[in-house]
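Keep the sequence and the model side by side.

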Amino acid sequence: VPYWQEAGFNTGIERPWLEGATALVSQSLARLDEAVDMCRYLFDADLPHSDAAKEQLNQAGTAAVLQTTLDALKTEPLTTQDEAKAIIKQVTKAADVKKGLVMRSLRAALTCDMKGPDLVDSWLLLHQRGIDTQRLETALGLTE
């Protein structure tokens, strides 16, 4: 938390959320100060997309995946890994695309990059703060 505070992140968030963010990246850390860059996408709602993420967002079928995901979030709960996986399965079927395209598209939209910690756990943390919907809508605007 002190590293996040020093970076200017809002750490006034509920402790269970902060613990979830810590657990998400803890196994990938060699040093504690690396948590700042690894977690930036969880704290910064207006994060720019990497070139790789932009490239993914311009893939055929990505717009349908993002829109179908947004539609699903209006009616489906998202509080557990199982619920997130059910939405992914639903989107895969409804958009008539392969699961890999759904996962890559969600990663590009939600994390603004093509690499990082577990996507489903990341999505759950972003959803708790309402950042996921905002990121999906922004990413949808970037699709061709």
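Which residues of α7 are buried? This is a predicted model, in which local features need pLDDT of at least 70, side-chain atom pairs count only at pLDDT 80 or more, and totals for chains, interfaces and linings use all residues. Residues are numbered from 1 along each chain as its sequence is written, and side-chain values use heavy atoms, with hydrogens and water left out.

In α7, the buried residues are Leu101, Val102, Ser105, Leu106, Arg107, Ala108, Ala109, Leu110 and Thr111. Buried means under 20% relative accessible area, exposed over 50%, and partly exposed in between, with a 1.4 Å probe and protein chains only. Helices are DSSP runs (H or I, at least four residues), numbered from the N terminus. The buried residues of α7 pack against α3, α4, α5, α6, α8 and α9. Contact here means heavy atoms within 4.5 Å.

Now check the length of α7. Its 13 residues should span 18 Å at 1.5 Å a residue, and its end C-alpha atoms are 18 Å apart, which agrees. The expected span is 1.5 Å times one less than the number of residues. Just after α7, cysteine 112 takes a positive phi of about 65°.

Next comes the core. In soluble globular proteins, nonpolar side chains tend to be buried together. The largest nonpolar core has 44 residues. Such a core is a set of buried Ala, Val, Leu, Ile, Met, Phe, Trp, Tyr and Cys residues joined through side-chain atoms within 4.5 Å. Among those with the most contacts inside this core are Trp4, Leu106 and Trp123. Beyond neighbours within four places in sequence, tryptophan 123 is in contact with Leu106 and Leu110, and also with others including Thr69, Ile87 and Asp132.

Finally, look at the pockets. A pocket is an open set of points on a 1 Å grid over the protein atoms alone, where a 1.4 Å probe fits, with protein on both sides within 12 Å along at least five of seven lines; lining residues have an atom within 4 Å of a point. The largest pocket holds about 250 Å³ of space. Its lining has 13 residues, and Asp37, Met38, Tyr41, Asp113 and Lys115 lie nearest its centre. α3 gives the most to this lining, with four residues. The second largest pocket holds about 200 Å³. Trp4 is among the residues that line the second largest pocket, and α2 gives the most to that lining, with five residues.

Key: Points joined across faces, edges and corners; volume = space filled by probe spheres on them. Helix = DSSP H or I, 4+ residues; strand = E, 2+ residues; numbered from the N terminus.
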